[in-house]
Amino acid sequence: MERLPWIAENGRYTKRFAFFIGRKCRTMTVTDVAKEQRMDWHSVKELDKQYMTEQLKRAGNPAPRIIGIDEVAIRKGHVYRIIVSDLERRRPIWFGGVDRSEESLDMFYNWLKPKKTGKIRLVVMDMWRAFESSTKKNASKAAILYDKFHVLRHLQVALDTVRKQEYARLNGSDRKFIKGQKYTLLSRRENLTNDGRKNLAKLLKINKRLNTAYMLKESFGQLWDYDAEGWAKKFFENWKKSLKWQKLKPYEDFCKLIERHWDGIAAYSKPEDKVSLGYVEGLNTKIRVIQRRAYGFRDEDYFRLKILTSTLEAI
């Protein structure tokens, strides 16, 4: 039987209409599009999948030189998949694996093939041993850079541990200034409301230990401002010295973590490794939006297509 090129895979619709539906689904839920177009929910979803498949086809086969590796929880119970992005083209190129293990990341490198893998010069990741082991095994020529935002997240955990310790140490009315202030303490100051800033100022004025921990957390981001590893190292050593006599055990543990992973953190100070580290965080925000909209989430292939086309131009 002859297949007409302008007919969609669902023979009841043209490709033009399938693409119309796909563009709608970029900003609307499948349910809303189905209601608006008076169509069956499953038909809308299938047309959207055809649209996204065509988007990937037109985007071409990836040949990345700088990649970012991250994981996403696809449902409760620590069920993860790995996402790999081309950081130069600013697009996700692979979604897969069965967890966040070394073997799962091996699947990406096997998919990319040795020739293209050998051309990767920089890999940005969090401080997860499985990702590092797979990368060193499959892309041995690539430098490894630990993602700034993942590093700072460890520092936020340390600050929150100090907050919990202070809450447990204090009694009565002294506790009220700490209770319910986790978001206030961990957020960037510029992201706080006027009330949030007032609460933060009051908290830091009353509790000297939290004030010290907060100021140290705020200053640590300067580490990524240096263009030479020597200056970055000097900053870190001075920052570590400022912990002396402060009795901030969570921060001391954080320093040990940094020292164990120093090479992958200091790599950012090299001019050739100055890549935009905000893209992965932006992609994570897009993924959370996709999950909230419940884009056929139980269909993992549909979720994969949504992620891989999330930064592509509409067609």
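Where in the protein is confidence lowest, and where is it highest? Colour by pLDDT, the predictor's confidence in each residue, from 0 to 100. The lowest mean is in α14, at 79, and the highest is in α4, at 97. Over the protein, the mean pLDDT is 89, and 95% of residues reach 70 or more.

Some ground rules before moving on. This is a predicted model, in which local features need pLDDT of at least 70, side-chain atom pairs count only at pLDDT 80 or more, and totals for chains, interfaces and linings use all residues. Residues are numbered from 1 along each chain as its sequence is written, and side-chain values use heavy atoms, with hydrogens and water left out. Helices (H or I, at least four residues) and strands (E, at least two) are DSSP runs, numbered from the N terminus.

**Stop one: the sheet**

Select the strands. Five of them form an open sheet with mixed pairing, in the order β3-β2-β1-β4-β5. The edges are β3 and β5 (143–146), each of which pairs on one side only. Two strands count as paired if DSSP finds at least two bridges between them. On average, neighbouring strands of this sheet are turned by 30° against each other, direction ignored; the axes behind that are lines fitted to C-alpha atoms, for helices over the stretch in contact, and angles run from 0 to 180 degrees between N-to-C directions.

Zoom in on β2 (residues 79–86) and β3, an antiparallel pair with five bridges. Pick Ile82 and you'll find Gly96 of β3 as its bridge partner. Four residues sit between the strands of this hairpin, and Arg90 takes a positive phi near 55° there. Now show the surface over β3 (residues 91–96): six of its six residues are buried (under 20% relative accessible area; exposed is over 50%, partly exposed in between, with a 1.4 Å probe and protein chains only).

Click Val123 to see it standing opposite Ile144 in β5.

**Stop two: two lysines**

Most residues other than glycine have a negative phi. Lys113, in the loop between α4 (102–112) and α5 (114–117), has a positive phi of about 80°. Lys247 has a positive phi too, of about 55°, and lies in the loop between α11 (229–241) and α12 (249–260). Is Lys247 buried or exposed? Lys247 counts as exposed because its relative accessibility is 70%.

**Stop three: the pockets**

A pocket here is an open set of points on a 1 Å grid over the protein atoms alone, where a 1.4 Å probe fits, with protein on both sides within 12 Å along at least five of seven lines; lining residues have an atom within 4 Å of a point.

Select Asp70, His150, Arg153, Asn284 and Arg288: of the 19 residues lining the largest pocket, these lie nearest its centre. That pocket holds about 530 Å³ of space, a volume filled by probe spheres set on the grid points, which are joined across faces, edges and corners. α14 gives the most to this lining, with six residues.

Next, select Phe149, Leu152, Gln156, Arg188 and Lys217, nearest the centre of the second largest pocket, which has 17 lining residues. About 440 Å³ of space lies in the second largest pocket, and α7 gives the most to its lining, with six residues.
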